[in-house]
Structure formats: structure tokens, C-alpha cells
Amino acid sequence: MAASPDDSASSKHKPVLLRETIQQLKLSPHLIVVDGTVGAGGHSQQIIKQIGDQGQLIGLDRDPMMLQFSRQKLHQNNITLRQSSYADLPEVLNELNIPGVDRILVDLGLSSDQLEHAERGFGFSTSGRLDMRFDESRGESASELINTLTRHELVQIFEDFGEEKYSSSITDAILKRRTQSPIETVQDLNHVVESAIPETVLRQSDKHPATRVYQALRIAVNNELQHVQDALTQTFPDCLNLNGILVVITFHSLEDRLVKRAFQDQRQWENLTTKPITPRPNEQKMNPRSRSAKLRAAKLISKNPQN
Ligand SMILES: C[S@@+](CC[C@H](N)C(=O)[O-])C[C@H]1O[C@@H](n2cnc3c(N)ncnc32)[C@H](O)[C@@H]1O
């Protein structure tokens, strides 16, 4: 069954770099804007104010629970919300008979509502089953991956997507535990990870020891880097009108590296942010989750740079 918002049903997510995002999008009335990760609609609420009744906003999210949140805030006639990956934007635009769009925003990663939802398994501080799929109707859950992948595959995931120093010993602890009983809940995984990391490291670290493992598994479960890479190199250049602007907010270095590299292609993009924009100290204080955010923006200057 698909997850629905927790009891109080109002979003707890604070949009990150909101003012900076709106500035970089350079919005004006009549524009067609895609919010590729609409989440709880925090950024979109501001976007719709700027593009007015004559503009058009298309909001996408892979997670139906997040669309329930955004529907509470975004109900004007010129807004279309769809369950879709931003990497599948061409299909959505085709269906809506829109040949191209003027602005695209993607605010990658997780919403606080997903992270804190007791039954999604996205965060080490919840207590639910280990699922981590944005779309629970397809693909394999985190517990299915953990309980079936080979040693080599698990080490690779923790190294590549989590840059985890203790990948091998964590994987060995997972394999040992699997011989006794499957790892099914957040608590199961937390215990296994804690058992694999040296005591001294556990004591000295200011982060939860499983932080990188959760990040890595979530990226693997949702094939996140592939969606980012496909979108940057194919989907967004195809869907943006010439001189259209793309704004991307990332939360870890793996994604930021892909964005930085894509925007370095000067035949296709004019880079509008030579250095990434990061949250000001005040935002970091008010919203600690914003700390790792990096915003990059670029203008599309060629649709087919090879020609
Ligand atoms: C950080 S939140 C966005 C928050 C939103 N900007 C706001 O202000 O409420 C990221 C969202 O992206 C969604 N998401 C992740 N990967 C996606 C993808 N490939 N396509 C569409 N949505 C995706 C997640 O489900 C989540 O709701």
C-alpha cells in the first residue's frame, strides 16, 4: 500500500535556498515552469506567485505521498501535478501538448516529510520497515537489496554512493546477520552498522554511524544518479526552450559533481553560477538540513551542440 502523509497531514519541509532559487530562475509572467521535484510545493508556491495567472506550472514527483502534500497548496487552474520522474518530462510535456518550457527547477534528495515518515525507512532515526522507494509500487525495497545482493555488489554501493570508509566491514556484518535472519527494519540495519564500526570511531563521530549507508542505499534503491545524469545530458536540454534556465539544488557531492560537469559544457550551457550558491548562516541555523545544499544554475544556449 502506498504511504500517505502522517496524522497531522501538513508538511514539515522547509524549502531550501528559496530566495536564491527564485532569483536564479529570473521569473516573469507568462513563463512555463517545471518544478521537477515538487515535493510539498514550497518552491512552487513562490514560483506561481511570480508567473501569475498567464504562466503555467508543471510539478512532478516520483512519490505519490509528496503529491498529496503539494495538492494541498497548489490548486490553481494553471498548475498540473503528475507522478513522474523529472527524467520522464518529455512524456509529460507530450501529453500536455507543450513543445518546450522556459524554466526547470530540481531540488534533489529527500523531503523532511519522507525522512521522518515512520514507515518509509528513509532515516536511521525512525523505526519502520526498510523500504526507501520513492514509488512503493515498483522496484525493489532497501531490505530486498540488503538481503539478496552479493558481497561485491553491497561493497560497491556503500563505496560508490556513500563514500563509506567501512564498506567492507559493514557488508561482512550484513552477510553474517543474513545467515541468522533477514534485515527488515531500520533498527535491524542500525544495529548491524554499529556492530561493524570501531568503538573509538563511534564515540568520536558527530554524525550517526549509519548516515552514509542510508544515503547509499537510497540512491541505489531509486537509481537516483542515473535519473540525474539522464536528465542533465538529454531530458533537460531537449525540453528547455533556447535561453531557458535550469536550476539544480543538490545535497551531496556525487550529485553536485554531475551538475558541475554538465554545466562545464560551454557549447550547450552558459554557466550562471561560477561557484555554487550555499545557504547563508541564518538559513543553516534555522534549517540544519540545508547545510549541505548547493545551488547551480545555467542557461541553455544550444540544443544540439554537436551540429
Ligand atoms: C527536497 S524534496 C523537494 C522539496 C520541494 N522543493 C519543496 O519545496 O517542498 C525532493 C523531492 O524530490 C522527489 N524526487 C526525487 N527524485 C525524483 C525524480 N527522479 N523525479 C521526480 N521527483 C523526485 C522526492 O520524492 C522529494 O519529494
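This is a walk through a predicted model, stop by stop, with something to select at each one.

**Before you click.** Residues are numbered from 1 along each chain as its sequence is written, and side-chain values use heavy atoms, with hydrogens and water left out. Because the model is predicted, local features need pLDDT of at least 70 and side-chain atom pairs count only at pLDDT 80 or more, while totals for chains, interfaces and linings use all residues.

**Stop 1: the two domains.** Colour 18–113 + 224–300 as domain 1 and 121–222 as domain 2; these bounds come from an automatic or database domain assignment. Their centres, taken over C-alpha atoms, are 29 Å apart. In the contact between them (contact means heavy atoms within 4.5 Å), domain 1 puts in 13 residues and domain 2 puts in 10 residues.

**Stop 2: the sheet.** Switch to cartoon and find the open sheet of 7 strands, with mixed pairing and the order E3-E2-E1-E4-E5-E7-E6. Names follow DSSP runs numbered from the N terminus: helices are H or I with at least four residues, strands are E with at least two. Two strands pair if DSSP finds at least two bridges between them. At the edges sit E3 and E6 (269–271), each pairing on one side only. From one strand to the next, the twist averages 20°.

Now zoom in on E2. E1 and E2 run parallel and are joined by 4 bridges; valine 33 has leucine 57 in E2 as its bridge partner. On to E3: E2 and E3 also run parallel, with 5 bridges between them, and isoleucine 58 is the bridge partner of threonine 80 in E3. Is E2 enclosed or open to the outside? It is largely enclosed by the rest of the structure, because 5 of its 6 residues are buried. Here buried means under 20% relative accessible area, exposed over 50% and partly exposed in between, using a 1.4 Å probe and protein chains only.

**Stop 3: helices across the sheet.** Select 42–51 to get H2, which lies across E1, E2, E3, E4 and E5 and runs at about 165° to E2. For such angles, axes are lines fitted to C-alpha atoms (for helices, over the stretch in contact), and values run from 0 to 180 degrees between N-to-C directions. Show the side chains of Ile47, Ile48 and Ile51, which are among the buried residues of H2. Then jump to H13, which lies across E5, E6 and E7 at about 25° to E7.

**Stop 4: the cores.** A nonpolar core is a set of buried Ala, Val, Leu, Ile, Met, Phe, Trp, Tyr and Cys residues joined through side-chain atoms within 4.5 Å. The largest one here has 32 residues, and those with the most contacts inside it are Ile58, Tyr86, Val101, Ile104, Leu232, Leu246 and Phe263. Elements supplying at least two residues each include E2, H4 (89–95), H12 (224–239) and E5 (240–250). H12 gives the most, with 6 residues. Centre on leucine 246 and, leaving out residues up to four places away in sequence, you'll find that its contacts include Ile104, Leu232, Phe236, Phe263 and Trp269. There is also a second, separate core of 29 residues, with Phe122, Val192, Ala210 and Tyr214 among them.

Stop 5: Select threonine 37, in the loop between E1 and H2. Its relative accessible area is 17%, so threonine 37 is buried. Beyond four places in sequence, the residues that threonine 37 touches include Leu60, Asp61, Tyr86 and Asp107.

Histidine 75 is next, in the loop between H3 (64–73) and E3 (79–83). At 59% relative accessibility, histidine 75 counts as exposed. What does the side chain of histidine 75 reach? The backbone oxygen of arginine 71, at 3.5 Å.

Lysine 26 has phi near 45°, lies in the loop between H1 (18–25) and E1, and is partly exposed at 46% relative accessibility. Asparagine 243 has phi near 70°; this one lies in strand E5 and is partly exposed at 48%.

Notes: Polar contact = N/O pair within 3.5 Å; in protein donor to acceptor, adjacent residues only side chain to side chain.
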